[in-house]
Amino acid sequence: MEPFDPPFQEFYKKLFDDHFFNGPCPGGHEIEFSHNAKECKFELPLIDLSHLNIGGFKHEDCKREIAKAAQEWGFFQVVNHGVSHDILEKLMSEQVKVFKKPFQVKVNGLPELNFPAGSYQWGTPSANCLQQLAWSESFHVPLIELSTVGACAATDFSKIVKQYAMIISKLANELAEILAEMLGQKSDFFKENCVPSMCYIRMSRYPACPFSPEVFGLMPHTDSDFLTILHQDHIGGLQVLKDGKWISVNPKQKTLIVIVGDLFEAWSNGVFKSVEHRVIANKQFERFSTAYFLCPSFETMIESSEKSLIYKRFSFREFRQQVQDDVKRYGRKIGLSRFIL
Ligand SMILES: O=C(O)CCC(=O)C(=O)O
Ligand SMILES: [Fe+2]
(Lines give C-alpha, C1' and ligand atoms only; values in the text may rest on other atoms or scores of the structure.)
(Ligands and ions follow the chains in the order given, each with its own letter.)
Protein backbone atom coordinates (compact mmCIF):
# COMPACT_ATOMS: atom_id res chain seq x y z
CA MET A 1 0.00 0.00 0.00
CA GLU A 2 1.29 3.46 -0.85
CA PRO A 3 2.04 5.66 2.18
CA PHE A 4 -0.45 8.36 3.10
CA ASP A 5 1.73 10.32 5.57
CA PRO A 6 3.54 13.33 4.11
CA PRO A 7 7.34 12.85 4.00
CA PHE A 8 8.09 15.45 6.70
CA GLN A 9 11.53 14.17 7.66
CA GLU A 10 12.85 13.72 4.14
CA PHE A 11 11.50 16.99 2.79
CA TYR A 12 12.49 19.13 5.80
CA LYS A 13 15.75 17.22 6.42
CA LYS A 14 17.80 20.42 6.62
CA LEU A 15 15.60 21.83 9.42
CA PHE A 16 15.91 18.59 11.39
CA ASP A 17 19.70 18.41 10.86
CA ASP A 18 20.19 22.07 11.85
CA HIS A 19 18.07 21.62 14.95
CA PHE A 20 19.55 18.37 16.19
CA PHE A 21 23.18 19.12 15.31
CA ASN A 22 23.37 22.87 15.93
CA GLY A 23 20.51 23.49 18.38
CA PRO A 24 17.39 25.68 17.99
CA CYS A 25 17.79 28.60 15.60
CA PRO A 26 18.42 32.05 17.18
CA GLY A 27 15.06 33.47 16.09
CA GLY A 28 13.38 30.45 17.64
CA HIS A 29 13.55 31.60 21.24
CA GLU A 30 10.26 33.48 21.10
CA ILE A 31 8.51 30.28 20.17
CA GLU A 32 10.61 28.51 22.77
CA PHE A 33 9.11 30.87 25.35
CA SER A 34 5.66 29.63 24.46
CA HIS A 35 6.87 26.08 24.93
CA ASN A 36 8.13 26.82 28.39
CA ALA A 37 5.10 28.78 29.53
CA LYS A 38 3.46 27.04 32.45
CA GLU A 39 0.65 24.77 31.42
CA CYS A 40 -2.37 24.35 33.59
CA LYS A 41 -5.71 22.65 33.51
CA PHE A 42 -8.41 25.28 33.22
CA GLU A 43 -11.83 25.19 31.64
CA LEU A 44 -12.79 27.52 28.85
CA PRO A 45 -16.20 29.22 28.97
CA LEU A 46 -18.89 26.81 27.80
CA ILE A 47 -22.03 28.47 26.43
CA ASP A 48 -25.38 26.78 25.85
CA LEU A 49 -26.70 28.30 22.62
CA SER A 50 -30.16 26.77 23.08
CA HIS A 51 -30.82 29.79 25.31
CA LEU A 52 -30.81 31.95 22.18
CA ASN A 53 -34.02 30.25 21.10
CA ILE A 54 -35.79 31.17 24.30
CA GLY A 55 -37.19 34.65 24.59
CA GLY A 56 -36.69 37.12 27.42
CA PHE A 57 -33.88 37.19 29.98
CA LYS A 58 -32.21 33.91 29.05
CA HIS A 59 -31.80 35.06 25.46
CA GLU A 60 -30.22 38.38 26.46
CA ASP A 61 -28.03 36.70 29.12
CA CYS A 62 -26.74 34.28 26.54
CA LYS A 63 -25.73 37.13 24.21
CA ARG A 64 -23.95 38.84 27.09
CA GLU A 65 -22.16 35.60 27.95
CA ILE A 66 -20.93 35.31 24.34
CA ALA A 67 -19.62 38.88 24.36
CA LYS A 68 -17.96 38.39 27.76
CA ALA A 69 -16.19 35.23 26.58
CA ALA A 70 -15.02 36.98 23.39
CA GLN A 71 -13.74 39.85 25.49
CA GLU A 72 -12.03 37.93 28.28
CA TRP A 73 -10.87 34.84 26.42
CA GLY A 74 -11.32 35.35 22.67
CA PHE A 75 -11.92 31.61 22.72
CA PHE A 76 -14.95 29.67 23.95
CA GLN A 77 -16.95 26.49 23.53
CA VAL A 78 -20.58 26.16 22.53
CA VAL A 79 -23.13 23.36 22.91
CA ASN A 80 -26.62 23.03 21.44
CA HIS A 81 -25.29 24.96 18.45
CA GLY A 82 -27.61 23.42 15.89
CA VAL A 83 -25.05 21.13 14.21
CA SER A 84 -26.21 17.62 14.98
CA HIS A 85 -23.90 15.02 16.51
CA ASP A 86 -24.68 12.81 13.55
CA ILE A 87 -23.37 15.40 11.05
CA LEU A 88 -20.21 16.01 13.08
CA GLU A 89 -19.48 12.27 13.32
CA LYS A 90 -20.20 11.63 9.64
CA LEU A 91 -18.02 14.51 8.53
CA MET A 92 -15.19 13.27 10.71
CA SER A 93 -15.37 9.72 9.39
CA GLU A 94 -15.49 10.87 5.75
CA GLN A 95 -12.59 13.25 6.38
CA VAL A 96 -10.51 10.39 7.82
CA LYS A 97 -11.08 8.38 4.61
CA VAL A 98 -9.92 11.27 2.41
CA PHE A 99 -6.70 11.71 4.38
CA LYS A 100 -6.00 7.97 4.10
CA LYS A 101 -5.56 8.32 0.34
CA PRO A 102 -1.93 7.99 -0.83
CA PHE A 103 0.15 11.11 -0.29
CA GLN A 104 0.79 11.58 -4.01
CA VAL A 105 -2.93 11.35 -4.79
CA LYS A 106 -3.63 14.13 -2.25
CA VAL A 107 -0.86 16.30 -3.75
CA ASN A 108 -2.18 15.84 -7.27
CA GLY A 109 -5.71 16.83 -6.25
CA LEU A 110 -8.84 14.77 -5.86
CA PRO A 111 -10.83 15.25 -9.08
CA GLU A 112 -13.71 13.12 -7.84
CA LEU A 113 -14.18 15.68 -5.06
CA ASN A 114 -13.24 18.58 -7.30
CA PHE A 115 -10.36 19.47 -5.00
CA PRO A 116 -7.72 21.12 -7.17
CA ALA A 117 -4.02 20.36 -6.56
CA GLY A 118 -3.49 23.57 -4.53
CA SER A 119 -6.15 22.73 -1.96
CA TYR A 120 -3.85 20.23 -0.25
CA GLN A 121 -1.20 21.72 2.04
CA TRP A 122 1.27 20.02 4.34
CA GLY A 123 4.16 21.12 6.56
CA THR A 124 5.32 24.74 6.37
CA PRO A 125 7.16 25.63 3.16
CA SER A 126 8.20 29.01 4.61
CA ALA A 127 9.74 27.52 7.81
CA ASN A 128 13.25 28.74 8.60
CA CYS A 129 13.71 26.48 11.59
CA LEU A 130 12.18 23.37 13.09
CA GLN A 131 9.99 25.31 15.52
CA GLN A 132 8.22 26.88 12.55
CA LEU A 133 7.34 23.56 10.97
CA ALA A 134 3.74 22.33 11.31
CA TRP A 135 3.50 18.54 11.53
CA SER A 136 0.14 18.52 9.80
CA GLU A 137 -1.66 18.26 6.48
CA SER A 138 -4.86 19.96 5.42
CA PHE A 139 -7.42 20.52 2.68
CA HIS A 140 -8.43 24.12 2.16
CA VAL A 141 -11.92 24.33 0.61
CA PRO A 142 -13.45 27.75 -0.18
CA LEU A 143 -17.22 27.72 0.29
CA ILE A 144 -17.77 28.79 -3.29
CA GLU A 145 -16.04 25.64 -4.54
CA LEU A 146 -18.43 23.50 -2.58
CA SER A 147 -21.12 24.18 -5.14
CA THR A 148 -19.07 22.11 -7.57
CA VAL A 149 -17.67 19.55 -5.10
CA GLY A 150 -18.98 16.17 -6.18
CA ALA A 151 -20.74 17.82 -9.14
CA CYS A 152 -20.17 14.82 -11.43
CA ALA A 153 -21.15 12.21 -8.87
CA ALA A 154 -22.26 13.16 -5.39
CA THR A 155 -20.25 11.12 -2.88
CA ASP A 156 -20.95 10.66 0.83
CA PHE A 157 -18.07 13.02 1.43
CA SER A 158 -19.31 15.82 -0.85
CA LYS A 159 -22.83 15.55 0.55
CA ILE A 160 -21.75 15.82 4.15
CA VAL A 161 -19.24 18.66 3.55
CA LYS A 162 -21.92 20.70 1.79
CA GLN A 163 -24.44 20.05 4.52
CA TYR A 164 -21.90 20.98 7.19
CA ALA A 165 -20.79 24.14 5.36
CA MET A 166 -24.34 25.40 5.12
CA ILE A 167 -25.05 24.98 8.83
CA ILE A 168 -21.69 26.15 10.11
CA SER A 169 -21.64 29.31 7.99
CA LYS A 170 -25.07 30.21 9.34
CA LEU A 171 -23.85 29.68 12.89
CA ALA A 172 -20.71 31.77 12.31
CA ASN A 173 -22.79 34.63 10.92
CA GLU A 174 -25.22 34.45 13.82
CA LEU A 175 -22.42 34.61 16.38
CA ALA A 176 -20.72 37.48 14.52
CA GLU A 177 -24.00 39.39 14.43
CA ILE A 178 -24.51 38.89 18.16
CA LEU A 179 -21.02 40.18 18.89
CA ALA A 180 -21.62 43.19 16.62
CA GLU A 181 -24.93 43.90 18.31
CA MET A 182 -23.29 43.76 21.74
CA LEU A 183 -20.89 46.45 20.51
CA GLY A 184 -23.81 48.54 19.32
CA GLN A 185 -22.75 48.06 15.69
CA LYS A 186 -24.66 47.39 12.49
CA SER A 187 -25.20 43.65 12.56
CA ASP A 188 -25.69 42.99 8.83
CA PHE A 189 -22.05 43.94 8.17
CA PHE A 190 -21.06 40.26 8.06
CA LYS A 191 -23.86 39.18 5.75
CA GLU A 192 -22.87 41.94 3.34
CA ASN A 193 -19.10 41.47 3.43
CA CYS A 194 -18.29 37.84 4.29
CA VAL A 195 -18.83 36.32 0.87
CA PRO A 196 -18.69 32.58 0.06
CA SER A 197 -15.66 33.05 -2.20
CA MET A 198 -13.61 34.12 0.85
CA CYS A 199 -14.99 31.91 3.63
CA TYR A 200 -13.47 28.46 3.74
CA ILE A 201 -13.29 25.14 5.52
CA ARG A 202 -9.94 23.68 6.50
CA MET A 203 -9.88 19.99 7.25
CA SER A 204 -6.72 18.98 9.06
CA ARG A 205 -4.91 15.84 10.05
CA TYR A 206 -2.07 15.85 12.55
CA PRO A 207 -0.13 12.61 12.12
CA ALA A 208 1.45 11.07 15.23
CA CYS A 209 4.76 12.89 15.67
CA PRO A 210 7.81 11.24 17.28
CA PHE A 211 9.43 14.68 17.73
CA SER A 212 6.63 16.19 19.80
CA PRO A 213 6.68 18.54 21.71
CA GLU A 214 9.79 19.91 19.98
CA VAL A 215 7.85 19.98 16.73
CA PHE A 216 4.35 21.49 16.82
CA GLY A 217 1.26 20.17 15.12
CA LEU A 218 0.54 23.83 14.45
CA MET A 219 2.75 26.61 15.75
CA PRO A 220 1.36 29.39 17.98
CA HIS A 221 -0.69 31.78 15.86
CA THR A 222 -3.78 33.96 15.78
CA ASP A 223 -6.42 33.52 13.06
CA SER A 224 -6.55 36.07 10.21
CA ASP A 225 -10.35 36.18 9.98
CA PHE A 226 -13.38 37.47 11.90
CA LEU A 227 -14.34 34.20 13.57
CA THR A 228 -13.29 30.56 13.38
CA ILE A 229 -15.53 27.67 14.36
CA LEU A 230 -13.61 24.52 15.10
CA HIS A 231 -14.56 20.90 15.60
CA GLN A 232 -11.90 18.60 17.04
CA ASP A 233 -11.84 14.84 17.58
CA HIS A 234 -11.22 13.12 20.95
CA ILE A 235 -7.37 13.22 20.92
CA GLY A 236 -6.67 16.72 22.25
CA GLY A 237 -3.57 18.86 21.79
CA LEU A 238 -5.17 22.24 21.11
CA GLN A 239 -4.05 24.92 23.57
CA VAL A 240 -4.89 28.57 24.01
CA LEU A 241 -2.77 31.28 25.62
CA LYS A 242 -4.53 32.95 28.55
CA ASP A 243 -2.70 35.38 30.82
CA GLY A 244 0.67 33.94 29.79
CA LYS A 245 -0.35 30.32 30.37
CA TRP A 246 -1.14 27.64 27.83
CA ILE A 247 -4.53 26.14 28.58
CA SER A 248 -5.50 22.79 27.07
CA VAL A 249 -8.81 22.76 25.26
CA ASN A 250 -9.95 19.33 26.36
CA PRO A 251 -12.11 17.60 23.74
CA LYS A 252 -15.79 17.42 24.61
CA GLN A 253 -18.30 15.56 22.49
CA LYS A 254 -20.96 17.63 20.69
CA THR A 255 -19.02 20.81 21.43
CA LEU A 256 -17.72 23.39 18.95
CA ILE A 257 -14.95 25.88 19.67
CA VAL A 258 -15.31 29.53 18.68
CA ILE A 259 -12.16 31.59 18.12
CA VAL A 260 -12.13 35.37 17.70
CA GLY A 261 -9.85 36.33 14.79
CA ASP A 262 -7.63 39.36 14.17
CA LEU A 263 -10.25 41.19 12.10
CA PHE A 264 -12.79 41.12 14.92
CA GLU A 265 -10.21 42.42 17.35
CA ALA A 266 -9.48 45.39 15.06
CA TRP A 267 -13.15 45.95 14.13
CA SER A 268 -14.11 46.00 17.83
CA ASN A 269 -11.23 48.37 18.63
CA GLY A 270 -9.61 45.75 20.85
CA VAL A 271 -12.74 44.84 22.85
CA PHE A 272 -12.81 41.26 21.55
CA LYS A 273 -9.48 39.44 21.69
CA SER A 274 -7.76 37.45 19.01
CA VAL A 275 -5.61 35.12 21.09
CA GLU A 276 -2.72 32.83 20.28
CA HIS A 277 -3.40 29.14 20.09
CA ARG A 278 -1.35 26.13 19.01
CA VAL A 279 -1.58 22.39 18.52
CA ILE A 280 0.80 20.07 20.35
CA ALA A 281 1.29 17.01 18.17
CA ASN A 282 0.63 13.65 19.77
CA LYS A 283 3.52 11.18 19.87
CA GLN A 284 1.25 8.16 19.49
CA PHE A 285 -2.02 9.12 17.86
CA GLU A 286 -3.12 11.02 14.80
CA ARG A 287 -5.63 13.83 15.34
CA PHE A 288 -8.29 15.39 13.08
CA SER A 289 -10.03 18.75 13.17
CA THR A 290 -12.29 20.83 10.91
CA ALA A 291 -12.23 24.63 10.98
CA TYR A 292 -14.55 27.12 9.34
CA PHE A 293 -13.12 30.61 8.72
CA LEU A 294 -15.42 33.62 8.41
CA CYS A 295 -13.57 36.06 6.12
CA PRO A 296 -14.62 39.21 4.26
CA SER A 297 -13.99 40.20 0.63
CA PHE A 298 -10.54 41.69 -0.05
CA GLU A 299 -12.05 45.18 -0.45
CA THR A 300 -13.74 45.18 2.97
CA MET A 301 -12.36 47.94 5.16
CA ILE A 302 -11.72 46.91 8.75
CA GLU A 303 -12.32 49.87 11.00
CA SER A 304 -13.97 50.69 14.28
CA SER A 305 -16.30 53.62 14.80
CA GLU A 306 -14.82 54.33 18.24
CA LYS A 307 -13.10 57.67 18.83
CA SER A 308 -9.70 56.69 20.19
CA LEU A 309 -8.59 54.03 17.79
CA ILE A 310 -6.03 51.33 18.57
CA TYR A 311 -5.57 50.13 15.00
CA LYS A 312 -5.40 52.04 11.76
CA ARG A 313 -8.02 51.43 9.12
CA PHE A 314 -7.00 48.67 6.69
CA SER A 315 -8.53 46.54 3.98
CA PHE A 316 -8.53 42.78 4.26
CA ARG A 317 -6.28 42.75 1.17
CA GLU A 318 -3.68 44.89 2.96
CA PHE A 319 -3.84 42.65 6.01
CA ARG A 320 -3.38 39.47 3.97
CA GLN A 321 -0.51 41.02 2.03
CA GLN A 322 1.26 42.07 5.23
CA VAL A 323 0.87 38.58 6.69
CA GLN A 324 2.26 37.00 3.53
CA ASP A 325 5.21 39.42 3.41
CA ASP A 326 6.07 38.73 7.07
CA VAL A 327 5.81 34.97 6.62
CA LYS A 328 8.16 35.19 3.62
CA ARG A 329 10.60 37.40 5.46
CA TYR A 330 10.55 36.03 9.00
CA GLY A 331 9.02 32.58 8.58
CA ARG A 332 6.04 33.62 10.69
CA LYS A 333 3.10 35.99 10.87
CA ILE A 334 3.46 39.19 12.91
CA GLY A 335 -0.22 40.08 12.65
CA LEU A 336 -2.25 42.90 14.12
CA SER A 337 0.63 44.63 15.87
CA ARG A 338 1.68 45.79 12.36
CA PHE A 339 -1.45 47.98 12.30
CA ILE A 340 -1.27 49.62 15.73
CA LEU A 341 -1.59 53.40 15.55
O1 LIG B 1 -6.67 21.92 14.64
C2 LIG B 1 -6.89 22.70 15.56
O3 LIG B 1 -7.31 22.33 16.64
C4 LIG B 1 -6.58 24.17 15.41
C5 LIG B 1 -6.56 24.65 14.00
C6 LIG B 1 -6.25 26.10 13.90
O7 LIG B 1 -5.98 26.77 14.84
C8 LIG B 1 -6.26 26.74 12.57
O9 LIG B 1 -6.43 26.02 11.56
O10 LIG B 1 -6.10 27.97 12.49
FE1 LIG C 1 -6.06 28.85 14.35
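**Reading the sheet**

Tutor: Eight strands form an open sheet in the order E2-E3-E11-E8-E13-E6-E5-E4, with mixed pairing. Its edge strands, E2 (46–48) and E4 (120–122), each pair on one side only. This is a predicted model, in which local features need pLDDT of at least 70 and side-chain atom pairs count only at pLDDT 80 or more, while totals for chains, interfaces and linings use all residues. Residues are numbered from 1 along each chain as its sequence is written, and chains are lettered from A and ligands numbered from 1 in the order in which they are written.

Student: What are strands, and how do they pair?

Tutor: Strands of a sheet pair through backbone hydrogen bonds, either parallel or antiparallel. Strands (E, at least two residues) and helices (H or I, at least four) are DSSP runs numbered from the N terminus, and two strands pair if DSSP finds at least two bridges between them. Here E2 and E3 (residues 75–79) run parallel, joined by three bridges. Leu 46 sits opposite Gln 77 in E3.

Student: Which strands does helix H4 lie across?

Tutor: Contact means C-beta atoms, placed from the backbone, within 7 Å. Angles run from 0 to 180 degrees between N-to-C directions, with axes fitted to C-alpha atoms, for helices over the stretch in contact. Helix H4 (residues 56–72) lies across E2, E3 and E11 (256–260), at about 160° to E2. Helix H7 (residues 156–182) lies across E6, E8, E11 and E13, at about 135° to E8.

Key. Contact = placed C-beta atoms within 7 Å.
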